[in-house]
Amino acid sequence: MIEDSASTAWHGPSGPYWSQPVEAVLQFCGSKPNGLTSADARDRLSRHGPNTLTNDRHEQAMVVLLRQFRSPLVMILIFAAIVSGVVGEGREAVIIGAIILASCGLGFTQEYGASRAVEALKKQLSRKSLVLRDGVGANISVEEIVPGDVLKLSAGDLVPADGILLEARDLNVSESILTGESFPAVKAPGICPANTTIGLRTNCVFAGTSVRSGTGAALVVSTGGNTEFAHIAHAIERRVPETGFAKGIRRFGYLMTEVMMVIVIIVFAANLLLHRPLVESLLFSLALAVGLTPELLPAIISVTLARGAAAMAKSGVIVRRLEAIENLGSMDILCTDKTGTLTEGAIRLDRSVDIEGQPSDDILRWARFNAMLQTGIRNPLDDAIIAAASAGERPVAVPSKVEELPYDFVRKRLSVVVRENSVTDLMICKGAVREVLSVSTEVLMDGRAEALSDRHRREIDARVMQWSEQGFRTLALAVRCFGPKPRYERADEAGLQLAGFLLFLDPPKKDIARTLKALAERGVRVKMITGDNRYVARHLAETVGLANRSMMTGEELSSLTRNALFGRVQTVDLFVEIDPNQKERIVEALRRRGHVVGYLGDGINDAPALHDADVGISVDGAVDVAREAADMVLLQRDLGVLMRGIDDGRKTFANTMKYISITTSANFGNMISMAFASPLLPFLPMLAPQILLNNLLSSFPGLAIATDNVDEEEVHAPRVWDIGFVRRFMVRFGLISSFFDAATFAFLLIVARAGAATFQTGWFVESLLTQLAILLIIRTRRPAWRSQPSRLIAWLTVAVAVLAVAIPYLPGSSWIGFVPLPWPILAGIVGITFAYAVVSEWTKRRFFGHDRTRSERQRRAKTERATDRAAIEDHRSTAYRRRPLSPSGIGSATETTGARRR
């Protein structure tokens with residue numbers, strides 16, 4: 001029996017498990033070839049724990065909480081509170097401490113709540129594996145797998161635990177996540193030396209790797225934290241590249257922090273030069289640093305993205321990586337297959353015919369045996385064959401299976417050998433027409449075998465083309481008789497007799513034309529990437545209204561260099577007869593053209609393209625390796641669902657940009673105001689606790705920005721991060737804010753002749769009211785009164801505005817340095833706020849009008865530059881292809897190898 005310790009989980013009495021016979025490992029594990037009993041599995045689960053890496057929720061909560069206090073700005077506040085306490089300013093220390101707790105508590109509740117909501121969504125995608133329990137196969141949650149379980153593996157599975165192979169058939173496993181080797185490793189039962197490295201343990205499979213082809217069964221030896229994956233997780237953890245939006249946010253944060261630090265140092269120095277108290281000047285400067293910096297920006301983004309993920313989940317899109325929401329809103333090209341996306345996905349077998357195109361019961365019977373007995377990749381074509389055969393009037397007994405040659409993406413065919421009687425085995429091979437023809441030497445005509453001649457080939461090509469132009473997908477079926485033999489190899493898949501064809505029909509979705517038109521209206525261009533032949537693809541494109549002016553085949557693509565593909569990919573609408581390994585090249589070329597590319601796929605070989613796309617999208621029924629590679633998973637394979645997800649992504653982007661715009665304009669304006677007012681006034685323009693309270697109160701409506709309504713026109717075009725726009729917005733509206741701050745100063749000093757306390761109170765009220773006003777104005781590009789904010793924002797804005805006016809009159813306000821304001825001063829502040837709102841609204845209309853014109857000019861210039869660059873690179877690549885080969889016959893590897901993003 002396996003013990004709980006990691007050391008004994010990896011070694012048996014005679015050495016590591018990979019160096020021992022399978023029988024010895026089974027005995028050591030207390031298991032059998034038919035697996036564990038359910039009772040034994042429950043007992044082991046209680047002792048070994050779930051098959052996951054350490055994931056303590058309380059630790060997660062503590063990490064999120066500590067993250068709030070690790071912020072440099074919070075550290076500044078804590079330092080300020082300590083300084084206040086040391087010098088005897090206990091009241092200020094208490095106030096600052098209370099504001100620290102309130103601010104960190106607010107950030108923690110929002111961020112932790114957002115993370116829990118996202119985790120709850122991800123649980124909807126719980127992964128399962130086929131395991132033998134009580135002697136029968138059962139799909140159980142990966143977390144419930146224990147040492148001693150027997151896994152059944154097939155193409156597309158992610159291996160959930162470490163184990164030793166009990167059996168394997170053409171089993172190829174991708175181990176790049178552990179070894180870095182891009183080619184799949186061939187696996188088979190056996191014994192390896194004790195000192196064999198991971199990459200050479202051909203008798204083992206490891207957690208985190210994926211099955212590329214074939215089938216197998218493995219005895220689980222290690223789970224959870226005892227796996228090889230867990231031991232080196234810190235080294236092989238996938239580094240997800242930073243999105244353009246995240247990079248822009250980070251750079252913006254650096255910019256704001258640097259400007260803030262410069263101004264704060266200048267203000268502090270100026271106060272010292274004016275011989276103001278050192279402690280008071282220090283506290284003012286530290287509070288200014290906090291008040292002028294968007295310290296809640298990470299929490300705002302987390303909350304906004306989490307709410308966006310929740311909204312998308314209601315639309316049928318589960319987000320696995322929050323950052324991808326912003327990329328979904330920016331996406332302008334979507335690459336997708338046709339089956340189940342553009343078509344109904346309910347494939348039916350329309351007819352089974354012989355070589356001459358006549359209906360044939362034999363073809364359907366043989367196809368049924370092949371589909372029912374194969375144990376590799378489950379696919380809708382086999383399901384359609386079985387359904388059509390089951391609808392027949394006479395049930396046919398299924399012969400026993402002798403051997404299976406599983407499907408793979410090189411051969412593009414699948415063979416099953418059945419034993420019809422004691423003297424004859426029958427190989428039934430079905431697959432792509434071209435690939436089956438390549439291993440056929442004869443044709444069956446009226447039960448007689450004839451040599452496969454050129455005439456036959458021409459007739460077959462003509463029939464297949466005709467069927468394809470009618471929208472049928474065609475598979476070929478061939479057979480061969482053998483005398484009984486113990487084992488069959490791929491070499492036996494030759495000299496076949498081509499027997500007939502299977503014609504499948506997958507009609508287009510009823511509303512797909514409308515969906516494609518709606519996507520085009522949103523600025524998303526759909527490109528079809530399919531392995532089907534050109535005639536089927538073009539027929540479907542014409543039927544559903546998809547652009548099909550330009551088409552590229554896989555054969556043509558394979559002859560293009562990287563630069564040549566860059567030059568042509570922009571204009572191609574349909575990529576047909578594509579090899580799965582070419583999909584990544586297409587995505588990479590589109591991204592080089594400056595597009596934000598989404599890729600929708602669900603197959604084994606879609607994983608590289610899903611990784612390389614800006615937004616990898618899969619479906620709930622996809623193979624494990626595709627779902628794990630995706631950023632988002634559709635609960636229904638429907639472009640309508642994805643379109644709603646795009647709208648939700650753009651709403652999330654819009655709300656995030658609202659907060660950034662509001663924060664930058666207000667903070668930049670305050671920087672300018674503080675920088676000029678502090679050295680000119682005979683007193684501090686606002687006390688440190690007042691600055692912190694102002695910052696805290698203005699954060700409440702800001703946090704609610706995630707719930708805000710988004711104008712319809714905001715979702716009708718891709719949204720991209722533009723640091724230039726943010727900078728222009730910050731300067732324009734920041735200067736307006738500073739102008740009205742100056743007007744407030746003049747009103748308080750010259751008109752109202754306010755003292756220090758009244759001035760500080762008056763500016764506190766004006767500053768808070770103007771921040772609330774600009775929130776309502778900037779949150780929409782429409783006139784503010786024509787765009788209704790969310791109910792939460794409206795109520796919080798009103799509540800904070802009332803509180804801002806009421807604070808000076810509340811008991812205990814003197815603790816923070818406030819004094820009641822005479823009504824003429826309060827009326828003047830309200831009047832200044834109203835004037836500020838009017839000017840900001842007028843400026844907003846002019847600003848967005850000019851910015852729209854600027855964006856259109858930049859877009860045209862970018863298109864022209866890309867076109868010129870494409871022409872130059874296409875010319876260079878043409879010249880390259882015309883150059884003679886080097887003496888070795890090998891060209892430059894860099895001409896054909898694309899850069900990988902992940």
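Asp-43 counts as partly exposed, at 39% relative accessibility, where partly exposed lies between buried (under 20% relative accessible area) and exposed (over 50%), with a 1.4 Å probe and protein chains only. This is a predicted model, in which local features need pLDDT of at least 70 and side-chain atom pairs count only at pLDDT 80 or more, while totals for chains, interfaces and linings use all residues. Residues are numbered from 1 along each chain as its sequence is written, and side-chain values use heavy atoms, with hydrogens and water left out.

**Salt bridges**

- A salt bridge here is a side-chain nitrogen of Lys or Arg within 4 Å of a carboxyl oxygen of Asp or Glu, and by this rule the count comes to 34.
- Asp-43 is joined to Arg-47 by a salt bridge with an N to O distance of 3.4 Å, and Arg-47 is itself partly exposed at 32% relative accessibility.
- These two residues, Asp-43 and Arg-47, stand four residues apart in helix 3 (residues 38-48), and are therefore separated by about one helical turn; helices are DSSP runs of H or I with at least four residues, numbered from the N terminus.
- Asp-425 and Arg-419 meet in a salt bridge at 2.7 Å, N to O, in which Asp-425 is buried with a relative accessible area of 0%, whereas Arg-419 is partly exposed at 32%.
- Between Arg-448 and Glu-450 the closest N and O atoms of the salt bridge are 3.6 Å apart; Arg-448 is partly exposed at 47% relative accessible area, and Glu-450 is partly exposed at 23%.

**Nonpolar cores**

- A nonpolar core is a set of buried Ala, Val, Leu, Ile, Met, Phe, Trp, Tyr and Cys residues joined through side-chain atoms within 4.5 Å; the largest has 66 residues, of which Leu-546, Phe-575, Met-632 and Leu-639 touch the most other members.
- Helix 25 (residues 639-680) gives the most to this core, contributing five residues.
- Leu-546 is in contact (heavy atoms within 4.5 Å) with residues including Leu-342, Leu-516 and Met-528, when residues up to four places away in sequence are not counted.
- A second, separate core has 50 residues, among them Tyr-659, Phe-740, Ala-754 and Phe-818.

**Helix 28**

- Helix 28 (residues 756-778) has 23 residues and reaches 32 Å from its first C-alpha to its last, close to the 33 Å expected, the expected span being 1.5 Å times one less than the number of residues.
- Helix 28 is mostly covered, with 20 of its 23 residues buried.
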